[in-house]
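Hello,

I am handing over a structure for you to look at. Please open it before you read on.

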Amino acid sequence: MDKKLTDQLNKLEQKFKNSGQDMGSYLDGLLYDKYLTYWDYIHLDTLLSLQIPRTYFPDEEIFIGYHQITELYFKLIIHELKQIIDDKLQTAQFFSQKVERVNRYFRILIDSFDVMIRGMEREQFLKFRMALLPASGFQSAQYRMIEFYATPMEHLVHPEVRKDYDSSFGIEEMYEQIYWKRGATDRDTGDKTLTLKQFEFRYTPRFVRIMKEVEGNTLYHKYLALPEAEKNNEELIKELRKFDVNANVNWLLMHMGAAFRYLHKEGATILATGGTNWKEFLPPSFQKIQYFPNLWSDQEKEEWGKQWVTHAFNSEK
Ligand code: HEM
């Protein structure tokens, strides 16, 4: 046996010995093991079996597929946010490298949103969407989790009452005032829709657990806790601001572009949302969410998303 192989075997033996295992049995296992294939490794058959339309309209499959792709990217985004939250080294380099990844995923989502905006026939959409009520992307839990990991609750309460809250308030109290609880409400009565009620029922316990887990330790706090020199790192500040704009302006605007293309009709009601208040809820200039309000001037916060919204509204006419 050559020296390299003997070395490898010795190391392996040591590894198994350290955990009280017998290397010989594992070698037998290796002998009988099947070779790993691409399709088994990434569970391709399962993945491709998950696009199940509820109607016969072919474009519904695009709608399902793109939502699933988005959820996978949300998962990757959360994966990076958690690494920052768990990090103990506190270097600007680590921090900005992870936020850069988050921004890369958001860029892909923003750039690809025209799969929704242009990639489906409106006539088909308006019909198959009726078969999906009261489900809505509004019920994306991962989208909310990104917010919980990124910033404290006092930044997420509705802008009309935000000035009345600060970190001394309880999590549950602020959760009741979170901005999205005023979305997915009935446009005429202001009542919560079933979409919102079901979402709260399904996810509130999980959301509260996450909010408590990261209380005082969100991305916002991790940034503030950096040593002074790291905190002033320009690259990091640039990436954090970009994250804020990607998540809280640009993605919202692309998404709103889709809502306008399919659901907006001058002087008429389009039923495919179940008659919700989406026009008052979705614009970033109304939500005014910044994960890192400390990185923006008062004027920038005041004008949050405005220019873009005007642009998005005008381009529809
Ligand atoms: C044709 C495509 C789409 C249309 C017409 C559309 C429409 C809407 C509407 C009208 C709302 C407001 C809530 C409501 O009134 O029900 C909403 C919210 C939402 N949708 Fe979509 N949507 C589309 C695609 C997507 C996709 C692909 C995702 C990805 C997961 C998504 C995620 C969300 C999220 C996260 C919210 C809540 C936004 C917020 O809180 O600001 N939507 N959508």
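First, some ground rules. This is a predicted model, where local features need pLDDT of at least 70, side-chain atom pairs count only at pLDDT 80 or more, and totals for chains, interfaces and linings use all residues. Residues are numbered from 1 along each chain as its sequence is written, and side-chain values use heavy atoms, with hydrogens and water left out.

**The ligand**

The ligand is surrounded by 27 residues. A residue is near a molecule if one of its heavy atoms lies within 4 Å of it. The closest are His 67, Arg 144, His 255, Thr 276 and Gln 287.

Four helices each supply at least two residues of this shell: H5 (60–86), H9 (141–150), H14 (234–263) and H15 (278–281). Helices here are DSSP runs (H or I, at least four residues), numbered from the N terminus. H14 gives the largest share, seven residues.

What is the shell made of, by class? It has 18 nonpolar, eight polar and one charged residues. Ala, Val, Leu, Ile, Met, Phe, Trp, Tyr, Cys and Pro count as nonpolar; Asp, Glu, Lys and Arg count as charged; the others, Gly among them, count as polar.

Now the iron atom. Its only protein donor is His 255, through NE2, at 2.0 Å. Donors are N, O and S atoms within 2.8 Å of the metal (3.2 Å for Na, K and Ca); water is not among the atoms, so sites may look incomplete. His 255 sits in helix H14.

The distance is 2.4 Å for Thr 276, 2.9 Å for Arg 144 and 3.4 Å for Ser 136. A polar contact is a pair of N or O atoms within 3.5 Å; within protein, one must be able to donate a hydrogen and the other to accept it, and residues adjacent in sequence count only if both atoms are side-chain atoms.

**Two residues to look up**

Thr 185 is in the loop between helix H10 (171–176) and helix H11 (194–213). Thr 185 is buried, with a relative accessible area of 8%. Buried means under 20%, exposed over 50%, partly exposed in between (1.4 Å probe, protein chains only). The Thr 185 side chain reaches the backbone oxygen of Arg 182 at 3.4 Å.

Ile 64 is in helix H5. Ile 64 counts as buried because its relative accessibility is 15%.

Best wishes
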